Amino acid sequence: MEDFVWGVAILLLVNAFLCIYRAYRGPTVVDRILAVNIIGTKTLVVLVLLAFVFRSSFYLDVAVVYGLLNFVVTLAASRFLETGRLKGDWD
Amino acid sequence: MVVRAMLEAIVVVMAGVGLFFFLVGTVGVLRLPDFYSRTHAATKCDTLGAGSILAALAVLGLYQGAHVDSLKILVIAILILLASPTAGHALARAAYRTGLEPWRLPSAPKGEDDERDL
């Protein structure tokens, strides 16, 4: 079973590395933010898989924090792109 | 023994489904022509893939007796199910508000949608 989990993790990492191409190439800024967001999601799943393989629940805490940070980073970046600032109203 | 075999089969199938969705999402992000279609592929496939793989791991943890870890994995899955569509929506809204034009076929006739102000 652990070999299978290793395989899933490695395939996810290959997927994440393929997504780096879109973050590097992406014609617009939103493309890059989107690519970084989905790389973060894949990394989160890989962290949970590592928690299973190494039988250590610390990786799960790291994964929770990583998911929250990923979410907040994407929201802040898109808000900054839309309004040009991080505080105040949306007009 | 039979229970263990069945459970491992369930886990393998769910993780395989998740991997398939992740792969489809990656192909969509790399191949689709503009940002809106890429968000469409990426956020949906990421949510489904991550949810499926995390559910498989939660079932596995439940079977192996790690109940707290299983609960934590469920919390992470719910977090992703809430956060990923929200982030995708915010990104698409930012792109739309900053005037990014949707892609259309070069040979497509100009429709009424073109008159709408962005």
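These legends describe close-up views of a predicted model.

**View 1. Chain B is built from helices, with no strands.** Chain B has three helices and zero strands. Read from the N terminus, its elements follow the order α-α-α. The C-alpha trace of chain B spans about 65 × 25 × 20 Å along its principal axes. Its radius of gyration is 20 Å, whereas a compact globule of 118 residues would have one near 13 Å.

**View 2. Burial and contacts within chain B.** Chain B has 118 residues, and 36% of them count as buried. Take the contacts in chain B with a separation of 6 or more: 60% of these come from residues 24 or more positions apart.

**View 3. Helix α1 of chain A and its buried residues.** Helix α1 of chain A covers residues 2-25. At 1.5 Å a residue, its 24 residues should span 34 Å. The end C-alpha atoms lie 35 Å apart, which agrees. Buried residues of α1(A) include V5(A), V8(A), A9(A) and L12(A). N15(A), A16(A), C19(A) and R22(A) are buried too. Among the elements covering these buried residues is α2 (29-54) of chain A. Chain B contributes to the cover with α1 (2-31) and α2 (35-63).

**View 4. Helix α3 of chain A packs with helix α3 of chain B.** The two helices are residues 58-83 of chain A and residues 67-97 of chain B. Their axes are 9 Å apart and meet at an angle of about 10 degrees. That angle makes α3(A) roughly parallel to α3(B). The residues of this contact comprise 16 nonpolar, three polar and five charged.

Key:
Residues numbered from 1 in each chain as written. Chains lettered and ligands numbered in written order. Predicted model: local features only at pLDDT ≥ 70, side-chain atom pairs only at ≥ 80, totals over all residues. Helix = DSSP H or I, 4+ residues; strand = E, 2+ residues; numbered from the N terminus. Rg over C-alpha atoms; globule rule 2.2 N^0.38 Å. Buried ≥ 20, exposed ≤ 12 C-beta atoms within 10 Å, placed from the backbone. Contact = placed C-beta atoms within 7 Å. Axes fitted to C-alpha atoms, helices over the stretch in contact; angles between N-to-C directions. Parallel < 35°, antiparallel > 145°, perpendicular 65-115°, else oblique. Nonpolar A, V, L, I, M, F, W, Y, C, P; charged D, E, K, R; others polar. Expected span 1.5 Å × (residues − 1).
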